[in-house]
Amino acid sequence: MSQIHLNVAGMTCGSCVKHVTKALESLDGVSNIHVDLQNGKVHLDRTSWKSDDLIYALNEDGYPSSLDLDGSVQVPQKKSGGCCCG
């Protein structure tokens, strides 16, 4: 099992957390999704190190994302699209 950490921009509310979680849980091998709304982070377990489809799924839902390679805290930024309240 691999632990994957992502930076996700544009999450502003509980609805965003639900959208992000739903987008990720539909992908193969993903489990134990934890969304940190305040810091714009997502941590999850996956049966492989593959992450490009995770990032693609979030970007398609309007949540720009990238691998969190250094564990730094990023301030979530506003986005266009995605959240119904954004």
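## R46 and its surroundings

Beyond its neighbours within four places in sequence, R46 is in contact with M1, S2, I4, L27, D28, G29, V30, S51, D53 and L54. Contact means heavy atoms within 4.5 Å. This is a predicted model: local features need pLDDT of at least 70, side-chain atom pairs count only at pLDDT 80 or more, and totals for chains, interfaces and linings use all residues. Numbering starts from 1 along each chain as its sequence is written, and side-chain values use heavy atoms, with hydrogens and water left out.

R46 sits in strand 3. Strands are DSSP runs of E, at least two residues long, numbered from the N terminus. R46 is buried, with a relative accessible area of 3%. Buried means under 20% relative accessible area, computed with a 1.4 Å probe on protein chains only. The R46 side chain also reaches the backbone oxygen of D28, at 2.9 Å. A polar contact is a pair of N or O atoms within 3.5 Å; within protein, one must be able to donate a hydrogen and the other to accept it, and residues adjacent in sequence count only if both atoms are side-chain atoms.

## Salt bridges

Side chains of opposite charge can pair when their charged atoms come close. How many salt bridges does a search of the whole structure find? It finds two. The criterion is a side-chain nitrogen of Lys or Arg within 4 Å of a carboxyl oxygen of Asp or Glu.

One joins the side chains of D53 and R46, at 2.7 Å from N to O. D53 is buried, with a relative accessible area of 17%. Another joins the side chains of D68 and K41, at 2.8 Å from N to O. This pair links distant parts of the chain: D68 lies in the segment after strand 4, K41 in strand 3, and they are 27 residues apart. Both D68 and K41 are buried.

Strand 1 covers residues 2–8. Five of its seven residues are buried, so the strand is largely enclosed by the rest of the structure. In a regular strand the side chains alternate between the two faces of the sheet.

Strand 1 pairs with strand 3 (residues 41–46) in the antiparallel sense, over six bridges. Two strands pair if DSSP finds at least two bridges between them. In this pairing S2 stands opposite R46. Strand 4 (residues 65–67) also runs antiparallel to strand 1, joined by three bridges. Here L6 stands opposite L67.

Methods. Buried < 20%, exposed > 50% of the residue type's maximum accessible area, 1.4 Å probe, protein only. Helix = DSSP H or I, 4+ residues; strand = E, 2+ residues; numbered from the N terminus.
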